[in-house]
Amino acid sequence: MTHHPDPSEATPHADRHAEHGGHHDHEARAAADTEQHHQGHGGHGGHGDHVAQFRKLFWVNMIIAVPVVAFSSMFAMLVGYDIPRFTGAQWVAPVFGTVMFIVGGRPFLTGAVSEIRTRKPGMMLLIGLAITVAFLASWGASLGLLHHELEFWWELALLIVIMLLGHWVEMRSLAQTTSALDTLAALLPDEAEKVEGEHTVTVSPAELRVGDVVVIRPGGSVPADGTIVDGRADIDESMVTGESRPVSRSVGDGVTAGTVATDSGLRVQITATGDDTALAGIQRLVTEAQNSSSRAQRLADRAAGWLFWFAVATAALTALVWAIVGDPDASVVRAITVLVIACPHALGLAIPLVVSIATERAARGGVLIKDRLALEGMRTVNAVLFDKTGTLTKGEPIVTAVQTVADHDEATVLALAAAAETDSEHPLAKAIVKAATDRGLNVPRASGFTSSPAVGVSASIDGHQVRVGGPRLLEELGEPEIEAAEQWRAHGAIILHVVRDGVVIGGLSLADEVRPESREAVDALHKLGVEVVMITGDAEAVANTVGQELGVDRVFAGVRPEDKASKVAALQHEGKKVAMVGDGVNDAPALAQADVGIAIGAGTDVAIASAGVILASSDPRSVLSVIELSRASYRKMKQNLWWGAGYNLISVPLAAGILAPVGFVLPMSVGAILMSLSTIVVALNAQVLRRLDLRPEASAQAVLQR
């Protein structure tokens, strides 16, 4: 459809005023997210479909396991009951056991093949070896080809069920949140108004080409990167840069796709589309950072890899020794028993149980663990990099000071400013109105409200013309700044002057409000020996003021969005393990580059999807919760691994017959009891994590009181 253009549509005219002072020098950029793939054992990913897969497999095999165990002759002998006698009863366990091996064992067998191909034996190969040996030995025993002690149908069934349970628990705890690519696309408008001669034509942003001119309405999103050719407006870049202040842009200035013209219309000539835009560029940065991130092999897989070689070597040695001493039958029985007993039930649950309980406790404390490796890695972090706006600060301006001229009082100046700003939707206007309301001032009624971008607002109040604006307002009036302006500017404040009937009667200082809990978070991190670094696109004066107030160790100011990831890399090159905390789209590459990416939940979905840990609240003390949880869960993982592997280290040599010379060989019944006991101990040990209080304030206080 076409419209006849109105010149006012593409020129400044709206009911909001521009921000004055403290302009950002950086260009706005955007970041795209690539979906993180958490690799499970043998290449089984942590996606939601795997949760459903393992849940279904677990319950199906749980049901099938009942007749397998019940009709297993060795299990009946161990427990002491008689198997029901009817035609074909002896084939119930073999038939249903075969179904379990094929259906329930398939994920482990395919994973084992994958580990063989990559020559990295781990949990999948250990499980695959055990269930294959148990399956073949059990069929041999059932057909009378092997010793009856090698009938392991019950063990095969329990092994598959327990391992499926472990993987279901693990996949559920690692289930990914929705990719943010759709959310990134939502930053762009569905339609763009392209100028064609005397008319505008509505087209899709994908149809735009370099050189096209588009109309951006007040409150509308920029459809593609471009340069302003007509108009001036405050551009809200918060969705792209994460920074709080709208930035004044005029003819000749560049604008980025996804940003919003808050107060006036613009005409923009397109300079980049598709893969050439800033959004696409930072998407590539995210991808590269994720691909280059080194991920330590998982603890359980490493332990399983060691146990695999331990089991194979022990089984081979067992068969050789028993054959040498002249008992071939015993050599087969002992070797197969070793391979079956070596599969660690407890080890299969050691990590998943801890992760499941840890993620549940974290969620109760306002921390969402997306990437288990991020949780593991947080314990080694020795530098935390905070994005300033929206993380250490609230991302909202507040009035920090009022100075009057001559005999005017602060209350009058602030009340008049609030009256003039009442009809404006600008963040600075809202801050002024809120300051007057919080002080309980009587704000008079205003009429005749007008706004002039980059100059200020004007309104008629009690017969007087009251104007509020920045430097350009003073230039227009030929009036000097108030005395405190220079001092305020040195601290990075936004300065607005209040003018009545052409005479300056006072000034207002506005700045981003520091979160009251930020200082406690910084102090607690220092207590843990962690370096605290702040990064921001804000001017150096603004950044240093906040940094000094909070006591951070280092400040990176004036950092362009696309350069944040390189700052993270620079810290890593210093040998530091870096956790990055941010909330903006522009933080996505840095979150991906960091050893641990932590997204503030109130931030953009793109930043959230690029992080391994998400803080549901914007309380920076939650970082302490993550560190405490990481250290506690790692201790439990190690304890469980030692217990789970310890069972194998003891039972495998005993099953091999190492004490046979003194008349002791581990019976399968005792091995089964030890196996169950090991699993129970691991489960109970993991439950201790439930005692952790992970509320942000509790974690910070616990650290500070040590």
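pLDDT is the predictor's confidence in each residue, on a scale from 0 to 100. The model on your screen is a predicted one, so colour it by that score before you start. Averaged over the chain, pLDDT comes to 79, and 81% of the residues reach 70 or more.

**Stop 1: two stretches to treat with care**

Select residues 174–184. Here pLDDT is below 50, and the model gives this stretch 31 contacts beyond near neighbours in sequence. Then select residues 285–297, where pLDDT also stays under 50; the model has 27 contacts for them beyond four places in sequence. Where pLDDT is low, predicted coordinates should not be read in detail.

**Stop 2: a sheet of seven strands**

Now bring up the open sheet formed by 7 strands, in the order S11-S23-S22-S21-S12-S19-S20, with mixed pairing. At its edges you will find S11 (367–369) and S20 (554–556), each of which pairs on one side only. On average, neighbouring strands in this sheet are turned by 20 degrees against each other, direction ignored.

**Stop 3: strand S22**

Zoom in on residues 596–600, which make up strand S22. Are its residues buried or exposed? The strand is mostly covered, with 5 of its 5 residues buried. Show the side chains and look at each face in turn: Val 596, Ile 598 and Ile 600 are buried on one side, and Gly 597 and Ala 599 are buried on the other.

Strand S21 (residues 578–582) pairs with S22 in the parallel sense over 4 bridges. Pick Val 581 and you will find its bridge partner, Ile 598, in S22. Strand S23 (residues 613–615) also runs parallel to S22, joined to it by 3 bridges. For a landmark there, pick Ala 599, which stands opposite Ile 614 in S23.

**Stop 4**

Most residues other than glycine have a negative phi, and the last stop visits two exceptions.

Start with Ala 406, whose phi is positive at about 60 degrees although this residue is not a glycine. Where is Ala 406 placed? Look in the loop between strand S13 (393–404) and helix H15 (410–421). Ala 406 is exposed, with a relative accessible area of 70%.

Finish at Asp 462, another residue other than glycine with a positive phi, in this case near 50 degrees. Asp 462 lies in the loop between strand S15 (456–461) and strand S16 (464–469). With 64% relative accessibility, Asp 462 counts as exposed, because the cut-off for that class is over 50%.

Key. Residues are numbered from 1 along each chain as its sequence is written. This is a predicted model: local features need pLDDT of at least 70, side-chain atom pairs count only at pLDDT 80 or more; totals for chains, interfaces and linings use all residues. Side-chain values use heavy atoms; hydrogens and water are left out. Buried means under 20% relative accessible area, exposed over 50%, partly exposed in between (1.4 Å probe, protein chains only). Helices (H or I, at least four residues) and strands (E, at least two) are DSSP runs, numbered from the N terminus. Two strands pair if DSSP finds at least two bridges between them. Axes are lines fitted to C-alpha atoms, for helices over the stretch in contact, and angles run from 0 to 180 degrees between N-to-C directions. Contact means heavy atoms within 4.5 Å.
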